[in-house]
Amino acid sequence: MNEMLDYLVLNSPALVVAIPLLGAFLTPLVGMINGKLRNLFVIFITLLTGFFAVLLANDVFTNGIRTYVFGNSSPMTNPVVRIFFEVDGMSAFMALIAVILPIVAVIYSWAFMEKETGLNKYYTLILLMTTGMLGMVLTGDMFNFFVFLEITSIATAALVAFWTNKKNSVQAAFKYIVISSIGALFVLFAIAIFYGQYNALNMAVIANSISYSFLDKIALGLLIAALAMKAAIAPMHMWLPDTYSGAPSSVTVVIVGTTLASLYGVFRILFTVYGRQLLTIMRQIGEFSVTSSIVLGVFIVILATITIVIGVFMALKSNDFKRMIGYVAVAEIGYMALAVGSAISTFHIADGTAAVQMTSYGEMALTGGIFHMINDALDIGLLFLVAGAIYYATKETSLNRLGGLSRKMKYTTVFFLIALFAASGLPPLNGFASKLIIYQSIYQVNPILTIVAILCSIMILAVFVKVFHSAFLGPKLPSLKNVKEVPKSMLISMGILAFLIILFGLFPEYIINNIVEPAVNALSNPGSYISAIVGGA
Amino acid sequence: MSGMSKIVKTISSIAFPFVTIYGLYIIAHGHLTPGGGFQGGAIVASGCAMILIAYGSVWTMKKIKEKHLSVFESAGAIVFIGTALLGLSVGAVFFKNFLYDGGIIFGKIPVVGSTIANINTAGVIPIMNFAVGLKVIAGLFAIVLVMAYGLPKKEGDKK
Amino acid sequence: MMITFNIPFIAVVGLILVGLIAVVFKRNLIKIVIGITLIESGVNLFLITLGYREGSIAPIYSSSPGGIMSLPVPQALTLTSIVIGVAVLALMISFIIHIYKLYGTLDARKIRGDEE
Amino acid sequence: MIDQLISTFETGNGFWNPLIWITSFVIAFLIIYILRGFGKKDYKKGTGQTQVFLSGNPEYEKEKMHVKASNVYWGFTEALKWIYNLFKKIHTGNTSDYVLWFVVIMAVLFLILGVI
């Protein structure tokens, strides 16, 4: 038994990606037999993927970086040709996010999508999205990253347009595919620049030999711009509310994960691939030397602040529930970007060593940002599930035509309240801990940032109070007379997320020590990531 | 989309086998010469698309259902991933080329340097090429078929 | 001599710029899609150009004349990129078919959501 | 495991202990429960007690009584009209504009990375 487990742990990086991929193509065949069987099968596949992801994450958190060479069990012979999966703390952390959301989504879909046709393809695409996300976060190869990025975007776009008779869905899908294909093409262009210079596609090898030449600067600009667009950082965020509101809610939950996976790409590029090179001094102004890291950090902080402000302001104005949550999701992404920007701007070389270090508050900002990623996935995910539940019950997403739902949908109301408090950062739910860390650390960078961030967080609360007031409170509307509580499968999936939110909220210390801390260490020590492939220091 | 004239139908019927054979040749020699699953599959699928245009989407839809194509597509993908997983089950790693140097099927080791091509080499790669080829034929043809079926049935027939 | 080596790279930049201009300034959705495919061709051309090393031959063992072979990795990358491009193109065209059915127009300015 | 779970989390300026939170919530709920006990005991459903009282005015239909979402925060949006007009101008909903913003950000990145 133990040997079997060891064997599974050894092969878990491949299995985490292979199982949903195999499941995706088995789904249509199973679906020909029976619809219920197919639903069970898909839930089983996602749970199995989740199991392997937990195995892998547990292994990585205890034993350090894992590399997995495809097609060859011997050590790396030729890093140019071989394809690697390299799983460090950050990848494992992201893999956990990337498996929670599909599990919830497929359980939710059982009832939510019950009456639709073409469900075989729907489940196939959901599993493909899962594959793409997991591949993006686990791979150690640049080109592989691009391929998984495209798999994710194609599957996502097809799912956004699942309701092909709705104008809103189809136009959102078209915008999404245009945006993501252009973004991915520029990522590929940057990868080609790397290949041309260093004859390598492996992130660790590139990071080892990168020289921060002029071409590398261009590649950095391309990568950051493209991945930031995929991660919806303002002013390139406009596709996100469209896409999130156009897709069926069960799909949107997974799209939240893909957006975060793109943000992971930004993290990986900045911290691991470029890392040390960002300290190149660009210009000397008196005593103060301007490095790339400061310029880039300040730029990202500015963009992030704009993202937060635009997100909450637009959310306050919009009257469509899903579009509103979309804008709030934009704002939440802004918080993470704020943390990343602050962390990068504190890069410096420690005295006496050659290693790049962040100041203590920079590291803390990174902790907050990474912790906020999983919190954001849970909160926004739960909000979209609630939006989907309301849509299921009333066939309505416009808040103007909703009212008095709390009288009919007790459980949904409770879940909405949990998500509301969590997303706006009220204690004792998970949003509070991560936002507190972010506020504290960015206070050291600039106090104004903290003020803006806290004010916007309060506005997020205001946004959802508006939803709570107009959709859940108020008199029973005659037009919504036949509303009933949603079926069990939807309640279960909302319950899973709510449970995780409360768990993460009550025990932030435990979560940070065991899950977030390895991820932060992985990002702040790019040397270990590089040496796992290249060898030596 | 309705069919075209009799001349077009006849010519495309004659050309179709040749196109298919050429595509299959490209798939089968994927591990020796430029080509492989996708390229050959695309050629075969374009042959199918030619038939589709000549005979019209309604006729083609009667002959072959999109549902059957998606079965083939799934089968291709499953064979591909299954072969990769078999590498895992024989005690090695994912995507392990376990047939290579096995001597039985596709198991010969090619001579290093400039030689005459030996098709009985390369291990699992030809199998994966065939799987990809199957998937691409079914997938591309399904795309074209569904798109053609979704278009107006006659010229000038709006929506 | 220098310029002949750089012609492919100039073409790459030109293709990408033309593609971007088409995406940004054209209103017809089909033209936007054409722009994206142009960008894709540019990137593919860039990859292929990088794959060539001076004096090398194509990496095919069967009856090869001998000599240095160029590494086929960029070709493999380009092929993958083309395959993905085909999928994206098919998807975009399908969306355009649906958009035309629902909106009755292909003007990018009129293709908007419910509340914008 | 347990002592790890209930250990105090220090952020520098504040701390977080699950036990304190749970106790305070339990106490808060107890207080609420006690306060609830002080409520009127003679409340009966379906009598005149539960009727809506609007200073003697008749009650309108339910649809009209409910404050719609677009009317919530009217003052806020009205006061900040200039900022909303600006944001509205940016959010065109046009695909080309989305790509244009991407190109602009990319250009700015090139500028700040390459020129400065």
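These legends accompany close-up views of a predicted model.

**View 1. Helices H13 and H18 of chain A cross at roughly 115 degrees.** H13(A) covers residues 360-394, and H18(A) covers residues 508-524. Their axes come within 9 Å. Angles from 65 to 115 degrees count as roughly perpendicular, so H13(A) is roughly perpendicular to H18(A). The crossing is right-handed. From H13(A), the contact takes in A:Glu363, A:Leu366, A:Thr367, A:Ile370 and A:Phe371. H18(A) contributes residues including A:Pro508, A:Ile511, A:Ile512, A:Val516 and A:Glu517. Further along H18(A), A:Ala519, A:Val520, A:Asn521, A:Leu523 and A:Ser524 also take part. By class, the contact has ten nonpolar, three polar and two charged residues.

**View 2. Helices H4 and H5 of chain A cross at roughly 150 degrees.** H4(A) spans residues 119-138, and H5(A) spans residues 142-160. The two axes come within 8 Å. Angles over 145 degrees count as roughly antiparallel, and therefore H4(A) is roughly antiparallel to H5(A). This crossing is left-handed. On H4(A), the contact residues include A:Tyr122, A:Leu125, A:Ile126, A:Leu128 and A:Met129. A:Thr131, A:Gly132, A:Met133, A:Gly135 and A:Met136 of H4(A) are also among them. They meet residues of H5(A), including A:Phe145, A:Phe148, A:Leu149, A:Ile151 and A:Thr152. A:Ala155, A:Thr156, A:Ala158 and A:Leu159 of H5(A) join the contact as well. By class, 14 residues are nonpolar, five are polar and none is charged.

**View 3. Chain A meets chain D.** Five pairs of chains are in contact, and chains A and D share the most contacts. Here 69 residues of chain A touch 50 residues of chain D. The buried area is about 5,300 Å². Carbon and sulfur atoms give 78% of that area. In chain A, A:Met238, A:Phe313 and A:Tyr510 lose the most area to chain D. Together they account for 12% of what the chain A side buries. The interface has zero salt bridges. Chain D does not touch chain B. The nearest C-alpha atoms of chains B and D are 23 Å apart.

**View 4. Chain A meets chain C.** The contact involves 39 residues of chain A and 38 residues of chain C. About 3,300 Å² is buried between the two chains. Of this, 80% lies on carbon and sulfur atoms. A:Phe174, A:Leu185 and A:Tyr195 supply 19% of the area that chain A buries against chain C. That is more than any other three residues supply. The salt-bridge count between chains A and C is zero.

**View 5. A cis peptide bond joins A:Ala234 and A:Pro235.** Its omega is about 0 degrees. Most peptide bonds are trans. A:Pro235 sits in the loop between helix H8 (214-230) and helix H9 (239-246) of chain A.

**View 6. A:Asn199 has a positive phi.** The value is near 55 degrees, in a residue other than glycine. Most residues other than glycine have a negative phi. A:Asn199 belongs to the loop between helix H6 (167-198) and helix H7 (203-209) of chain A.

Conventions: Residues numbered from 1 in each chain as written. Chains lettered and ligands numbered in written order. Predicted model: local features only at pLDDT ≥ 70, side-chain atom pairs only at ≥ 80, totals over all residues. Heavy atoms only, no water. Axes fitted to C-alpha atoms, helices over the stretch in contact; angles between N-to-C directions. Helix = DSSP H or I, 4+ residues; strand = E, 2+ residues; numbered from the N terminus. Parallel < 35°, antiparallel > 145°, perpendicular 65-115°, else oblique. Left-handed = near helix turned anticlockwise from the far one by under 90°. Contact = heavy atoms within 4.5 Å. Nonpolar A, V, L, I, M, F, W, Y, C, P; charged D, E, K, R; others polar. Buried area = accessible area lost by both parts, 1.4 Å probe. Salt bridge = Lys/Arg side-chain N within 4 Å of Asp/Glu carboxyl O.
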